[in-house]
Amino acid sequence: MRLSRFFLPVLKEVPADVQIVSHQLMLRAGMIRQEAAGIYAWLPLGLRVLKKIEQIVREEMDRAGAIELLMPTLQLADLWKESGRYEAYGDEMLRITDRHDRQLLYGPTAEEVVTDIFRASVKSYKDLPLNLYNIQWKFRDERRPRFGVMRGREFLMKDAYSFDLNEADARRSYNRMFIAYLNTFARMGLKAVPMKADTGPIGGDLSHEFIVLADTGESQVFCHKDLVEMGAPGPDVDFDGDLQPLVDQRTALYAATEEMHDEAAFGAVPADKQLSARGIEVGHIFYFGEKYSKPMKANVAGPDGVSAPVHMGSYGVGVSRLLGAIIEASHDEGGIIWPDAVAPYDLGIINLKSGDAACDAACEKAYAAARAAGKAVLYDDRDERAGAKFATMDLIGIPRQIVVGPKSIAEGNVEVKVRATGERSVAALDAVLAELA
Ligand code: 5CA
């Protein structure tokens, strides 16, 4: 993409009430624009990152054996009356009436819809286990939408729903999602800590939140240091195997965390183990058994022919919130530092003197070579000051940058810059082109 033809409405001034750095940077970098409180338009740069994050989430769900579908944003109120949540959900639910006076709502989550889909066609244990997910916009009429995409009213969520014959099987499905989440967040360059959690309006008694550590987070995290340092299990996990030991490894450290809570009450937490910080909840998983299947009569026949409510869990990832979380975790005074896996472009090319024949030719060569190599490239070909070009490329966080100026190109050289470290080196253009190929 040539920057001269792109739509990148960077902002020089951000509104004074913008409180956290990720919100400031997303506005300044021209990624989002607020259309109403907690409701955003995704501008081209922001959309590219959103799609990348969505794709990582999708790949890890697929790898764990979940199956993608797409449920509607508008749902029938009747389904929520069946489950008993229509009244209980309260003011966060956006209620809508259509021209026939039918009551609808903009889905804040989709347990009822997915249970309705399931009960219409699955009747036997032979079709289990089943895990259905979608990546769809949700609406919650939050009292205080704030921090940009972190707490929006309209936001993109991945929500998965597992169906099993009994609690033991459901526990296995829960473990699959637990492990898939660790891998998902690690692929985005995040350290996400699983913490035992309350179930709130979703219900059930087994639940974990996945928390990214950041000073501006809304959640308080108090956990064992080793839990933060522990890496993700990685792509070789056998999802059909026994995942319990992997989960136990982490839950053992919870257990240790709970012990620390007790010790803390007596003021005796060993300082070398303790981590008390703030964090951002990027995922939340629940096992709630028959909570929806029972009232909604989603029954399956077991091997003995006896029909009983299916056991369910649900698994959410805040896809749009993740943009904010990644930026909170990875930025400097110059702007965003995208981890490679989610960067909107892999490579930036800065032409320090657009219109200069040698600079233009070298940039065009690099641009063509990088695209031929399958890289997503943003070429700053604008007629702008060098300082403004450097600042833009850093603000929007492109991981690697090639800088072409008249002096160095006269000697056949360009400068190569790494955004994360600020490291710069001079290299022959031919060597850079060869490396790209
Ligand atoms: N039905 C369950 C699992 S699918 C559920 O809705 N869980 S949740 O309420 O915890 O939401 C899942 C994830 O969505 C959260 O972990 C959070 O990352 C994200 N999320 C929730 N509310 C918002 C919001 N207002 N703005 C942005 N992201 C949100």
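This is a predicted model: local features need pLDDT of at least 70, side-chain atom pairs count only at pLDDT 80 or more; totals for chains, interfaces and linings use all residues.
**Entry 1**

Strands of a sheet pair through backbone hydrogen bonds, either parallel or antiparallel.

I then traced an open sheet of 5 strands. Its order is S19-S18-S20-S21-S22, and the pairing is mixed. Which strands stand at the edges? They are S19 (377-380) and S22 (424-428). Each has a single partner strand, so one side of each is left without a neighbour in the sheet.

Next I looked up one pair in detail. I picked out Ile350, which stands opposite Asp380 in S19.

**Entry 1: helices across that sheet**

I checked what lies across these strands. Helix H11 (residues 386-395) lies across S18, S19, S20 (400-404) and S21 (413-418). I wrote down its direction too: H11 runs at about 170 degrees to S18.

Helix H13 (residues 429-436) lies across S18, S20, S21 and S22. H13 runs at about 95 degrees to S22.

**Entry 2: the three-stranded sheet**

I moved on to an open sheet of 3 strands. The order is S4-S6-S5, with antiparallel pairing. S4 (74-76) and S5 (94-97) stand at the edges. Each of these has a single partner strand, so one side of each lacks a neighbour in the sheet. The twist from one strand to the next averages 40 degrees.

How many bridges join S4 to S6? I found 3, with S6 spanning residues 103-106. Leu74 has Tyr106 in S6 as its bridge partner.

**Entry 3: two backbone details**

I kept a general rule in mind here. Most residues other than glycine have a negative phi, and most peptide bonds are trans.

I looked up Asp101 in the loop between S5 and S6. Asp101 is not a glycine, yet its phi is positive, at about 65 degrees.

I then went to the loop between helix H5 (111-121) and strand S7 (130-139), where Pro129 lies. Is the peptide bond from Leu128 to Pro129 cis or trans? The bond is cis, with omega near 0 degrees.

Two packed helices are described by the angle between their axes and the distance between the axes. I looked up both values for two pairs.

H1 and H9 pack at an angle of about 105 degrees. Their axes are 8 Å apart. H1 and H9 are therefore roughly perpendicular to each other. From H1, the contact uses Val21, Ser22, Leu25 and Met26. From H9, it uses Leu323, Gly324, Ile327 and Glu328. I sorted the residues of this contact by class: 5 nonpolar, 2 polar and 1 charged.

H2 (residues 44-63) also packs with H9, at an angle of about 110 degrees. Here the axes are 9 Å apart. That makes H2 roughly perpendicular to H9. On the H2 side I listed Gly46, Val49, Leu50, Ile53 and Glu54. They meet Val319, Ser320, Leu322, Leu323 and Ile326 in H9. The contact of H2 with H9 has 7 nonpolar, 2 polar and 1 charged residues.

**Entry 4: the largest pocket**

I looked up the volume of the largest pocket, which is about 780 Å³. Its lining has 41 residues. Which of them lie nearest the centre? They are Arg140, Met157, Glu281, His284 and Arg321.

H9 (319-329) turns up again here. Along with S8 (154-164), S12 (274-289) and S15 (311-318), H9 supplies at least two residues of the lining. S12 gives the most, with 7 residues. By class, I noted 16 nonpolar, 14 polar and 11 charged residues in this lining.

**Entry 5: the second largest pocket**

The second largest pocket holds about 420 Å³ of space. I counted 21 lining residues in the record of this pocket. Val18, His23, Leu27, Gln34 and Tyr40 lie nearest its centre.

H1 (21-28) and S1 (32-36) each supply at least two residues of the lining. Which element gives the largest share? S1 does, with 3 residues. The lining of this pocket divides into 11 nonpolar, 6 polar and 4 charged residues.

Methods: Residues are numbered from 1 along each chain as its sequence is written. Side-chain values use heavy atoms; hydrogens and water are left out. Two strands pair if DSSP finds at least two bridges between them. Helices (H or I, at least four residues) and strands (E, at least two) are DSSP runs, numbered from the N terminus. Contact means heavy atoms within 4.5 Å. Axes are lines fitted to C-alpha atoms, for helices over the stretch in contact, and angles run from 0 to 180 degrees between N-to-C directions. On a 1 Å grid over the protein atoms alone, a cavity is a set of points where a 1.4 Å probe fits but cannot get out, and a pocket is an open set with protein on both sides within 12 Å along at least five of seven lines; lining residues have an atom within 4 Å of a point. Grid points are joined across faces, edges and corners, and a volume is the space filled by probe spheres set on the points. Ala, Val, Leu, Ile, Met, Phe, Trp, Tyr, Cys and Pro count as nonpolar, Asp, Glu, Lys and Arg as charged, and the others, Gly among them, as polar. Angles under 35 degrees count as roughly parallel, over 145 as roughly antiparallel, 65 to 115 as roughly perpendicular and the rest as oblique.
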